[in-house]
There are 2 protein chains.
Amino acid sequence: MSQQRHGSTPGSGSGNVPAFPDLPEATIARLPEYLRALHNLGEGGSDTISSEGLAAAAGVNSAKLRKDLSHLGSYGTRGVGYDVALLIEQIEYVLGLDQRRAVCLVGVGNLGHALAGYDGFASRGFKIVALLDADEAKVGEVIHGLAVRHIDELAQVAVEESIAIGVIATPAGAAQAVADELVAAGVTSILNFAPCVLSVPANVDVRKVDLAIELQILSFHEHRKATLTALPGGRSATGAGNQEAVGS
Amino acid sequence: MSQQRHGSTPGSGSGNVPAFPDLPEATIARLPEYLRALHNLGEGGSDTISSEGLAAAAGVNSAKLRKDLSHLGSYGTRGVGYDVALLIEQIEYVLGLDQRRAVCLVGVGNLGHALAGYDGFASRGFKIVALLDADEAKVGEVIHGLAVRHIDELAQVAVEESIAIGVIATPAGAAQAVADELVAAGVTSILNFAPCVLSVPANVDVRKVDLAIELQILSFHEHRKATLTALPGGRSATGAGNQEAVGS
């Protein structure tokens, strides 16, 4: 079966693809990987790509990739593979990347500074439109062209700039209050870098990035490998190669 | 059943707990959350905690928490709950946090700078012992007390400092070469912030943090919620509250 082109509005797709697919969380997390691989392939001059080739470029197995893409109604063409440009369009549609989303960043300490200057946002559909901090000494500081505003302006900024996603890079103790303010201002997606659990209403999505937790997970695997090596007839190299993507 | 105290060496636990538990990846990813919640409870003066209380503090449901902890041989005591200090000890043992692990950080751009100064590492069992960069202009720069060394010294540093975990914060184009060098130097755990897929041997564990991917996943949910709202009889508030932990 060949690929189906999504219409420009939800609901105009073909009969066997729902208006908006109900995707497994793990599939959602892999779509950005496929998208990045497809952009690389497209820039390299490829018009089509086999499922095996795309799977290798994205670091997953090809059966999983085919299953993921079938959720989007994309099956490729036998003997040809997937149309790169069309698949990019389909994935960008599902991820809502056909519109640029405005991001505000709260907390411009070390990590906030790094995030404000991170090139990967702009090139992949996001624009940081506001920086906020509670520290009066930081207000007015210009970081990558944006002046830091006081956290008290958050509600006003969220409305003025149509903020879609709030990024919290404050210390843990301040994060819940910031989340409450974001939610009160109508923001329904939060990316939380503060090492704490946020309490939010059911209609708000939170993704969490905790760098120390990532290290602790690696520590577990180091410990596991050391234990295997220490056992009689140690199996030091038999652990399956683990390449876990965040959020997968 | 009451909690079993792990012996100080693998294999000395009670009969019904394997020497080293074979944990589901999702359980491994939640253990650091439990640990953080337990430390907070301990600092707050709690000696014991119910599964419901701990689950709430860690942001998971209590049935899942009990199942996770049963993998460690921890069942708490009926009517009393879990012994906070003992459970901390058990989780730290499994995560291999009873020894401090040496971390080297490769790439000291914006993000690398932020990571080098991140307090969360030291307080949770990790110590950044080396900073490396390919840029001669950065070599010798002192960041949070550590002088940046040239990437050519990586192999030597890895051995000298007994590096357990390598953190890659380079641009995507440089990441694979750095990973190859880390692996050649005997490092078997890598935390990759570069937006690319690394190819590593089967005995090497890689965790990946890609900030733009996190935003794209949130973008999907924004798109989904907007679509639900736009449907006849829009169900804007029915999406289950999604609080996805990275790596879960």
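With neighbours within four places in sequence set aside, Thr170(A) is in contact with Val106(A), Gly107(A), Ala175(A), Val178(A) and Ala194(A), contact being defined as heavy atoms within 4.5 Å.

Because the model is predicted, local features need pLDDT of at least 70 and side-chain atom pairs count only at pLDDT 80 or more, whereas totals for chains, interfaces and linings use all residues. Residues are numbered from 1 along each chain as its sequence is written, chains are lettered from A and ligands numbered from 1 in the order in which they are written, and side-chain values use heavy atoms, with hydrogens and water left out.

Chain A contains nine helices and 10 strands. Of its 248 residues, 53% count as buried. The accessible surface of chain A amounts to about 10100 Å², with 52% belonging to carbon and sulfur atoms; accessible areas come from the Shrake-Rupley method with a 1.4 Å probe, and for residues only the protein chains shown count as cover. Among contacts in chain A between residues at least 6 apart in sequence, 56% join residues at least 24 apart.

The contact between the two chains takes 81 residues from chain A and 81 residues from chain B. Together, chain A and chain B bury about 7700 Å², 61% of it on carbon and sulfur atoms; buried area is the accessible area (1.4 Å probe) that two parts lose on being put together, summed over both. Across this interface, 36 residue pairs are in polar contact, both residues being at pLDDT 80 or more. A polar contact is a pair of N or O atoms within 3.5 Å; within protein, one must be able to donate a hydrogen and the other to accept it, and residues adjacent in sequence count only if both atoms are side-chain atoms. Helix H9 (residues 211-230) of chain A supplies the largest share of the side of chain A that touches chain B, namely 16 residues. That side divides into 46 nonpolar, 21 polar and 14 charged residues, with Ala, Val, Leu, Ile, Met, Phe, Trp, Tyr, Cys and Pro counted as nonpolar, Asp, Glu, Lys and Arg as charged, and the others, Gly among them, as polar.

Side chains of opposite charge can pair when their charged atoms come close. The structure holds 24 salt bridges over all chains, and the count between chain A and chain B is 10; a salt bridge requires a side-chain nitrogen of Lys or Arg within 4 Å of a carboxyl oxygen of Asp or Glu. One of the salt bridges joins Lys208(B) to Glu33(A) at 2.8 Å, N to O. Glu33(A), Arg36(A), Lys208(B) and Asp210(B) are linked in a network of salt bridges. Arg224(A) forms a salt bridge with Asp205(B), the closest N and O atoms lying 3.5 Å apart. This pair crosses between chains, from helix H9 of chain A to strand E9 (residues 205-208) of chain B, and both Arg224(A) and Asp205(B) are buried.

Within chain B, Arg36(B) and Glu33(B) form a salt bridge with closest N and O atoms 2.9 Å apart. Both residues lie in helix H1 (residues 25-43) of chain B, three residues apart, about one turn of the helix, and both are buried. Within chain A, the side chains of Arg66(A) and Glu52(A) meet in a salt bridge at 3.5 Å, N to O. Arg66(A) lies in helix H3 (residues 62-70) and Glu52(A) in helix H2 (residues 51-58) of chain A, so the pair ties together parts that are 14 residues apart in sequence. Arg66(A) is partly exposed, at a relative accessible area of 37%, and Glu52(A) is also partly exposed, at 47%.

Most residues other than glycine have a negative phi. Ser162(A), by contrast, has a positive phi near 50 degrees. Ser162(A) lies in the loop between helix H7 (154-160) and strand E7 (165-168) of chain A and is exposed, with a relative accessible area of 54%.

Conventions
Helices (H or I, at least four residues) and strands (E, at least two) are DSSP runs, numbered from the N terminus. Buried means under 20% relative accessible area, exposed over 50%, partly exposed in between (1.4 Å probe, protein chains only).
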